[in-house]
Amino acid sequence: MPRPIQAFVHSDALRHNLQRMKECTPDARVWAVVKANAYGHGIERAYEGLRGCDGFALLDLNEAQRVRDLGWRGPVLLLEGVFETRDLELCSRLNLWHVVHCEAQVEWLERFKAKNHKPFNVFLKMNTGMNRLGFKPDAYRTAFHRLHAAGYHMHHMTHFANADQVDQSPTVGAQQELFNQTIEGLEGSTSLANSAAILWHRNALGDWVRPGIMLYGASPTGLHADIEHANLQAVMQLHSEIIDIQDLQKGDRVGYGGRYEATEAMRVGIVACGYADGYPRHAKDGTPVWVAQGKEGVICPLVGRVSMDMLAIDLRKAPIANIGTSVQLWGDRVPVDDVAQMSDTIGYELLCAVAPRVPVAIK
């Protein structure tokens, strides 16, 4: 019998979240962001739920090839462009769109077009204050005119640094104003909004939006309460079972280092899930775990340090739980953001970190 841990990816939840996103941005086209293997969900598993988008945005040529192999013939955007000149031949065969963010990439594309290759669609990226990738405004128009003169189909992009925060500099408004001023008079569509901007800055969307984490039902801020109004659904559910029960007396300690001490006689359930499965080792005592109990189930708190293959939960609220009882580590019963918050990280990291040894099924 296989170990009981398993993750499920729900295609209906993906379709629901994509539709909710479209309701927020009815006039924009949609890049569904599937970088990092669809945020840990698997590109092949996410594809059916997201194929209602206008294009897929991703990070590298391997991911682009996988999307094409699934039968997608629409736009595919490389969010960081190419990393060396020889990548452009494959890009041409796959008919990819490009983000161009630096002088080297401009030079590569100029030389490539000079060999009479078919021109690409290019989203030229502007650094409006994120200071990560992109041309500063004073260099942006020069780069635009060079690629436009070479025959490329030009579009405009920037990335908001603080769309999930209030009045943090640079603000969305300041970045948007700088972007608009710089591209004034230049042809081409625009792309500005990530998930946070879609949710909270409807006046800063652009012609193409780029939803990522919201498609998977998690929060750009890392706080589940911040997206409850959006009516998103958890796409990934991570389940396991209790594989042993320990009866503790007052003063008994749990796990490595004895971090948790029982304050009274209690039952502790040992769950087949640990940090080698992708569950955060630094999860604190009290991190919620859903335990099947009656019709609705109950939330039981984690106790003690997470180990490689197991974790422990306090079963005082689940008196009939036993070996074989189902638990949910995150999903529709326990928001992944709540687990992440108790682990000093964000839901993005947990979703991306599910280990290869965890079986994943599509539902």
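The lining of the largest pocket comprises 14 nonpolar, five polar and six charged residues. In this count Ala, Val, Leu, Ile, Met, Phe, Trp, Tyr, Cys and Pro are nonpolar, Asp, Glu, Lys and Arg are charged, and the others, Gly among them, are polar. Please bear in mind that this is a predicted model, in which local features need pLDDT of at least 70 and side-chain atom pairs count only at pLDDT 80 or more, while totals for chains, interfaces and linings use all residues. Residues are numbered from 1 along each chain as its sequence is written, and side-chain values use heavy atoms, with hydrogens and water left out.

The space in the largest pocket is about 560 Å³. Of the 25 residues lining the largest pocket, Lys35, Tyr39, Arg132, His159 and Asn194 are the closest to its centre. At least two lining residues come from each of α2 (35-39) and α9 (195-200). As to terms, on a 1 Å grid over the protein atoms alone, a pocket is an open set of points with protein on both sides within 12 Å along at least five of seven lines, a cavity is a set where a 1.4 Å probe fits but cannot get out, and lining residues have an atom within 4 Å of a point. Grid points are joined across faces, edges and corners, and a volume is the space filled by probe spheres set on the points. Helices (H or I, at least four residues) and strands (E, at least two) are DSSP runs numbered from the N terminus.

The second largest pocket holds about 210 Å³. Closest to its centre, among 15 lining residues, are Val254, Gly255, Ile270, Ser307 and Ala312.

I turn to the cavities. The search of the whole structure finds two of 30 Å³ or more. The largest cavity, of about 50 Å³, has a lining that includes Arg132 and His159; both of these residues are also among those closest to the centre of the largest pocket. The second largest cavity, of about 30 Å³, is lined by Val82, Leu88, His98, Val100, Gln105, Trp108 and Leu109. Its lining contains no charged residues.

Leu88 leads us to helix α5 (residues 87-94), whose buried residues are Asp87, Leu88, Cys91 and Leu94. Seen down the helix axis, these fall within an arc of 125°, so they line one face of α5; the arc is that of the directions from the axis to the C-beta atoms. Buried here means under 20% relative accessible area (1.4 Å probe, protein chains only). These residues pack against α4 (61-69), β4 (76-78), β5 (97-100) and α6 (103-114).

Which residues have the most contacts inside the largest nonpolar core? They are Tyr279 and Trp330, in a core of 112 residues. Helix α1 (residues 11-24) gives the largest share of this core, five residues. A nonpolar core is a set of buried Ala, Val, Leu, Ile, Met, Phe, Trp, Tyr and Cys residues joined through side-chain atoms within 4.5 Å. Leaving aside neighbours within four places in sequence, Tyr279 is in contact (heavy atoms within 4.5 Å) with residues including Cys273, Leu302, Leu311 and Trp330. In soluble globular proteins, nonpolar side chains tend to be buried together. Over the chain of 363 residues, 53% count as buried.

Conventions. Buried means under 20% relative accessible area, exposed over 50%, partly exposed in between (1.4 Å probe, protein chains only).
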